[in-house]
Amino acid sequence: MANITKKVSWSSRADESGATGEGTPLLNGSEQPRHSRQDSLRGRPKEIPHNEKLLSLKFESLDYDNIENQLFLEEERRMSYMGFRCLEISRWVVCGLIGFLTGLIACFIDIAVEELAGFKYQVVKENIEKFTEVGGLSISLILWAVLNSAIVMIGAIIVAFFEPIAAGSGIPQIKCYLNGVKIPRVVRLKTLVVKVCGVICSVVGGLAVGKEGPMIHSGAVVAAGVSQGRSTSLKRDFKIFEYFRRDTEKRDFVSAGAAAGVSAAFGAPVGGVLFSLEEGASFWNQMLTWRIFFASMISTFTLNFFLSIYHNKTGDLSSPGLINFGRFESDSVAYNLYEIPLFIAMGAIGGLLGALFNVLNYWLTIFRIRYVHRPCLQVMEAMLVAAVTATVSFTMIYFSNDCQPLGPEHTEEYPLQLFCADGEYNSMATAFFNTPERSVRSLFHNQPDTYNPLTLGLFTLTYFFLACWTYGLAVSAGVFIPSLLIGAAWGRLFGRLLAAITSSGSIWADPGKYALIGAAAQLGGIVRMTLSLTVIMVEATGNVTYGLPIMLVLMTAKIVGDYFVEGLYDIHIKLQSVPFLHWEAPATSHWLTAREVMSSPVTCLNRIEKVGTIVDTLSNTSTNHNGFPVVVQVTGSDEPAKLCGLILRSQLIVLLKHKVFVELARSRLTQRKLQLKDFRDAYPRFPPIQSIHVSQDERECMMDLTEFMNATPYTVPQETSLPRVFKLFRALGLRHLVVVDDENRVVGLVTRKDLARYHLGKHGLEELQLAQT
Amino acid sequence: MSLSKSSLSLLLFILNMSTIALSDGLNLTALHSADKLKQIPSLNRAAAAVVVNSPMFKPAVEPIFSLNLLSSFPEDLEISDYCKELLNIFGQRYVAYVSCLVPAARPVTVCQKCFSSFGSLREAYANISSESGPGNVSCSESLLRGDRLMVVNQLNTSLEELWTSSACDNCVTKGLQRLTNDTLYFMNTLNQTDDCFDKYRQGNHTELCKNCKSTYQELNELYGRMEKNQTMCIDIEDSMNMTRRLWSKYYNCSVPREETVPVIAVSSFMLFLPIIFYLSSFLHSEQKKRKLIHPKRAKSYTSLMNIQDKLG
């Protein structure tokens, strides 16, 4: 998409790149001789192992900026007052639908996981009970491992072979989408199906994963689908919501969908809204926020309602999220002023552990990208992880001597007795032999002496490495619950040790409270979210009084963690080579000006351009440009032409498809005038240029772009500093920013990748390289 | 009923002015201001001294007043003989039930031993709370909700709670007539097991483990079934707990951990697999390379080296 006329030098063809490097005239004189090292670097075959300092060419920007061409103005003029009102109402309807469907999907996932996991654990439990007495527990171990890997295999196959974008939690992808990057296939129906089935398989398969992250992705896909009123995959067009078929509207709805997903996952409607705010805040307004909140509320209460039917308590709206932290009784777990330093210390521990987690996962992910990239290998890896998870869990349970009496209210769903006395159960088994959500809840709420310190320590250690190993596999699964689980385990350990140290302190050192704080610290240390995570945790526990400690803990965890390494999602965004724009331009970049940042020279089109030229420009595979400044020639001078507009590749393709040529318009006066609707119908999958046939005669025709181009594109002068360009670009959600000189002549073009390549590294400002992936 | 603030401050003002006026004022308003005066922080020493120095107020006023209160009750507010009788019966049965409960506390036999006395207590309470007695007299109003304390009600509630949490309803037939057949059967099986334990108590415990295993298993399974059907009360739970503890802890008949070697073997094999996998994919899979693309810039001195030059 980089808009440059130079032939892109493919790294393998060293000679050609060398030639172009010398042959292309540079605006301010060639500086080549002064950079011999750079030249020698260019001369080498430019194939490097994948690393984090790359920007991939396959990612493009969304067209968030409205294309104000004449067609648009015409349509706006035709639209009545009522039309605008209807549009506003249908926005609300769409948001309600998004919430409803997201809630339904969450409900489906929840019930499916509960039923299937229940079945699996029942089978394994019976088997273990049978073999405890007569001997042969290794067979149970094998059964458990095989069951796990078989289920995970299904999940991994559909992800690895059918839709690789559905792997992982999906939060990095949605973050990128809300940032304005078009990630290919991320909001397709197929992705949704794979995601939902994949997450069910991976949770049932006993991996150290949660189903909350994928909910956010699912919500986003639902939003992108519903708001369009049609499905391109199913080839069904319901002829509704046609106005919303453009990136601007779609992205707003996607942020509503992500919020609905968060809210369904955690029962946290406000947290969902704030999540969207935190991730995509540069394009925000009050009405949109209100609509997103509406979608969130609808989603959490849809889930609520259908789960109440499932639990045979129709109308009881008390299970609002996929993960329910349970109620913290305010009197038993009240906190005191002197505990605040303890909480902050826990935040620091969480930050350290989170940084360790991220560093380990970073190296693992690099290894995976470099060596485990074939789908069959990925499936095998996932199966191995599942088998090892089962093995480690079994071994832990087998050698655990921590027996606890069964509670009166039977909070343990699948108690395993094993070698414990009758009437007691193995407490390691409640942590391992359970779905992760239930384990979190039992760590929060079980009696203070339920787990002994050794159990908690071992559990933390093993689960930490298992979760770290699992994240990044080719299965769709989230990292929220494992993080919470690790944190809850060491938090509980912390609380127990505190109670042991302070002999009289057992009253205030309630392990459940410290488990909650530990969970928040660990999660904050790994994902480094701030505002939204605080609100999500507060809402999920249903206890506002914990707001302050949770906030302090998350702040500490973020500060400590950021000292070492970035958040997990940011690491994965970087490793996928996404041109992600952060909030601010990198510091110390004010000396860079637009002239140095931009791509140049630019492929421009004339206002009345020959069809042949357009087709050639579009079909040039080496320069996959997407936006073209439209210029008008000053008569009788050979100076560069002046800028008069900007037109996109997608628009040109629609024009070519409909053969909007000047000559044809003259000969056929009755020809229907092209409308905005024709552009919308082709959205979002515009046909490639190769599929459009232009005959030799038609190549000689002319095309008038006046009506279709955006007549007032944003421009900056050459001397604008990078942070200024950045701010404009980020705040308006631009895709192309034209750099002009003082006579309005096109000098260069700034796109997302030109800005995203600068980042502040260890040695000051560094530049990322573009790569073909 | 209460004095307003302004009148109180007025009163204080008067207090300071003269003690005669004070005593008059107190006489008039003793009832209302006695405790209010104590709460006024700005009360000066003089006033406090006066209150202390006039001990005749409180003792003198209150007994007379309360006597007056009792005698002044009209006839229909007083508790009827019928209700008194009911209250009496309730008291007796309460005592009976509690004296049954206490010795049955450990080991827990509260359901087996005391269900009948609880039945009669419940009956007595039902009589009190019923809306219509003979002659259309209702005692529930006067006995149960007559005052803030509600002694009868609270006593009954606490015992009802005890009954509910013991889940005795599961072991006793409806109407609290007798123990259910399930319970009797369980008790029978339990006794068999206990007998068996008694028989082999002397000597080697392995002998006991071997010989009593079948009866114990039977008991365990029966208990499991009852647990599933929710037909258990505290008596059964407790006796089962005791028996299990005897079996597992005292006689040490739990399953021993014997298969350590095969489990370790299988799990180390499993743990070995990923190492092979990663090694082989590291050695045999070709490393994924990325092709670099060099975009053309207007000025090439924006390259990385140059940035470093400038910064460094």
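The following legends describe close-up views of a predicted model.

**View 1. Packing of helix 4 and helix 7 of chain A.** Helix 4 (residues 81–134) of chain A packs against helix 7 (residues 189–204) of chain A at an angle of about 30°, and their axes lie 9 Å apart. Because angles under 35 degrees count as roughly parallel, helix 4 of chain A is roughly parallel to helix 7 of chain A. The crossing of helix 4 of chain A and helix 7 of chain A is right-handed.

**View 2. Residues in the contact between helix 4 and helix 7 of chain A.** Helix 4 of chain A contributes I105(A), F108(A), I109(A), A112(A), V113(A), L116(A), A117(A) and K120(A). From helix 7 of chain A come L192(A), V196(A), V199(A), I200(A), V203(A) and V204(A). Sorted by class, the contact of these two helices has 13 nonpolar residues, no polar residues and one charged residue.

**View 3. An open sheet of three strands in chain A.** The strand order is 15-16-17, and the pairing is mixed. Strand 15 (715–717) and strand 17 (746–751) of chain A are the edge strands, each pairing on one side only. From one strand to the next, the twist averages 30°.

**View 4. Pairing of strand 16 with strand 17 and the helix packed on the sheet.** Strand 16 (residues 736–740) of chain A runs antiparallel to strand 17 of chain A, and five bridges join the two. H736(A) stands opposite T751(A), which belongs to strand 17 of chain A. Helix 28 (residues 722–732) of chain A packs on the sheet and touches strand 15, strand 16 and strand 17 of chain A. The direction of helix 28 makes about 145° with that of strand 16 of chain A.

Terms used:
Residues are numbered from 1 along each chain as its sequence is written. Chains are lettered from A and ligands numbered from 1 in the order in which they are written. This is a predicted model: local features need pLDDT of at least 70, side-chain atom pairs count only at pLDDT 80 or more; totals for chains, interfaces and linings use all residues. Side-chain values use heavy atoms; hydrogens and water are left out. Axes are lines fitted to C-alpha atoms, for helices over the stretch in contact, and angles run from 0 to 180 degrees between N-to-C directions. Helices (H or I, at least four residues) and strands (E, at least two) are DSSP runs, numbered from the N terminus. Angles under 35 degrees count as roughly parallel, over 145 as roughly antiparallel, 65 to 115 as roughly perpendicular and the rest as oblique. A crossing is left-handed if the near helix is turned anticlockwise from the far one by less than a right angle, and right-handed if clockwise. Contact means heavy atoms within 4.5 Å. Ala, Val, Leu, Ile, Met, Phe, Trp, Tyr, Cys and Pro count as nonpolar, Asp, Glu, Lys and Arg as charged, and the others, Gly among them, as polar. Two strands pair if DSSP finds at least two bridges between them.
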